[in-house]
Amino acid sequence: MATWMPTDEGKVQADFLGNATRPGHPGGPAGVPPAARVPGRCCKTSGMRITVLAGGVGAARFLRGLRAAVPGADITVIGNTGDDFTPFGLHVSPDLDTVMYTLGGGVSEEQGWGRAGESRVVLSELAAYGAGPDWFGLGDKDLATHILRTQVLAGGGTLSEATRALCERWQPGVTLLPMSDDAVRTHVTVELEGREQVLHFQEWWVRYRAAIPARLIESAGAGEARPAPGVLEAISAADFVLFPPSNPVVSIGAILAVPGIAAALAGKIVVGVSPIIGGAPVHGMADACLTAIGVQTSAAAVAAHYGRELLDGWLVDERDKDAVDAPELAGITVRARPLYMTDVTATAEIARAAIDLAEQVRA
Ligand code: GDP
Ligand code: CA
């Protein structure tokens, strides 16, 4: 059991930094309704090693379906930390937390992020002091996560260690790794108040709803960052790697910006699920990010952006079935399937289709 008291040296105690134990079968991990599990596939998927590059909401929902589709598989999630920021001095890792809360059964289903049954007492007290930012929704329960993460980091621990410790409570049923323990921050250059300004991604995305055109999106610090412990090993050991329907620029793109990760993927089977359906993101403003890097908002253009060196297979929605024989995607095997993650059962089918495609391109 985790004890969150710092030791005399200010270091976190070693006993809560151990590996989260995997939830056993047949009970399955928290947050998965038994009816959603795909029956009769246990033996085939048992022992399968899958590594997933993940952003926030789209990734978390996909992972819930994947976990249901492949009971017994060993899933490692490499989470985007380019969105991390430090309001009130607290280290917030929005994408890691969205994955952790969703797989741990604690997410707000309505929002897709943050905790269920939240209150905002602390934030309103801070506002009464005139302290901001007031545009980022930090609930009281969620704040406990950020306080503990910050405590680990302040004691000399790494983000990997903090993540592992937090996952001891949530038991996500996957190994959740930050992409890097080093600071990589997505910065967005915009024209604001008559001059060029560089905003942290969160300010552009949450405060301005990505409504100000981005002139440049970059991963500050990526050049010097190293993959977190276990990241390259998880890619190397994987039977195949999946890109869930995550933002191609600020989620998957940020992970790929960490030196060594794209190179490690080059030798693997990689299959992605399009986050773009019918020329638009299903939720959110990923189109604003794609426009900023000169990529059209379409399922085919996103695959072409990743390129055949990286991507072996690509799932598009049935609405985008023209991409199946698009000449610009030669070398990438494209399949059209229903891609709306309406519930865990539908999402498990999408995950199954991604695995089938991976097995097919490997054969
Ligand atoms: P974020 O960090 O919360 O923005 O999450 P991600 O990086 O994982 O990106 C979310 C992406 O998931 C968006 O681009 C959405 O278009 C996409 N998405 C959300 N719901 C669905 C869905 O039901 N199906 C598909 N194919 N994509 C989805
Ligand atoms: Ca995110």
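## A tour from a hairpin to the ligand

Start by selecting Glu193, in the hairpin of β4 and β5: two residues lie between these strands, and Glu193 takes a positive phi near 50 degrees. Strand and helix labels follow DSSP runs counted from the N terminus, with H or I over at least four residues for helices and E over at least two for strands.

Before moving on, some ground rules. You are looking at a predicted model, where local features need pLDDT of at least 70, side-chain atom pairs count only at pLDDT 80 or more, and totals for chains, interfaces and linings use all residues. Residues are numbered from 1 along each chain as its sequence is written, while chains are lettered from A and ligands numbered from 1 in the order in which they are written.

**Stop 1: the sheet around β4**

Now show β4 (residues 185–192) whole; six bridges join β4 to β5, and the two run antiparallel. Strands count as paired if DSSP finds at least two bridges between them. Pick His187 and you will find His200 as its bridge partner in β5. Next pick Val188, whose partner in β5 is Leu199; on the β6 side, Val188 stands opposite Ile217. Six bridges also join β4 to β6, again antiparallel.

**Stop 2: β1 and β2**

Select β1 (residues 49–54), which runs parallel to β2 and is joined to β2 by six bridges. Thr51 stands opposite Thr76 in β2. Why is β2 (residues 74–79) described as largely enclosed? Five of its six residues are buried, so the rest of the structure largely encloses the strand. Buried means 20 or more other C-beta atoms within 10 Å of the residue's own, exposed means 12 or fewer, and partly exposed lies in between, with C-beta atoms placed from the backbone.

**Stop 3: helix α5**

Go to α5 (residues 140–154). Its 15 residues should span 21 Å at 1.5 Å a residue, and the end C-alpha atoms are 21 Å apart, which agrees; the expected span is 1.5 Å times one less than the number of residues. Colour the buried residues, among them Asp142, His146 and Arg149. The elements covering the buried residues of α5 include α3 (94–104), α4 (121–128) and α6 (159–170). Just after α5, Gly156 has a positive phi of about 95 degrees.

**Stop 4: Glu349**

Select Glu349 in helix α13 (residues 344–362). Buried or partly exposed, which is Glu349? Glu349 counts as partly exposed because it has 18 C-beta neighbours inside 10 Å.

**Stop 5: ligand 1**

Finish by showing ligand 1 and the 22 residues around it, of which Gly55, Gly56, Gly58, Ser251 and Pro281 come nearest. Being near requires a C-beta atom, placed from the backbone, within 6 Å. Helix α2 (residues 57–69) gives the most to this shell, with three residues. The shell divides into 12 nonpolar residues, nine polar and one charged; Ala, Val, Leu, Ile, Met, Phe, Trp, Tyr, Cys and Pro count as nonpolar, Asp, Glu, Lys and Arg as charged, and the others, Gly among them, as polar.

How values were computed: Two residues are in contact if their C-beta atoms, placed from the backbone, lie within 7 Å.
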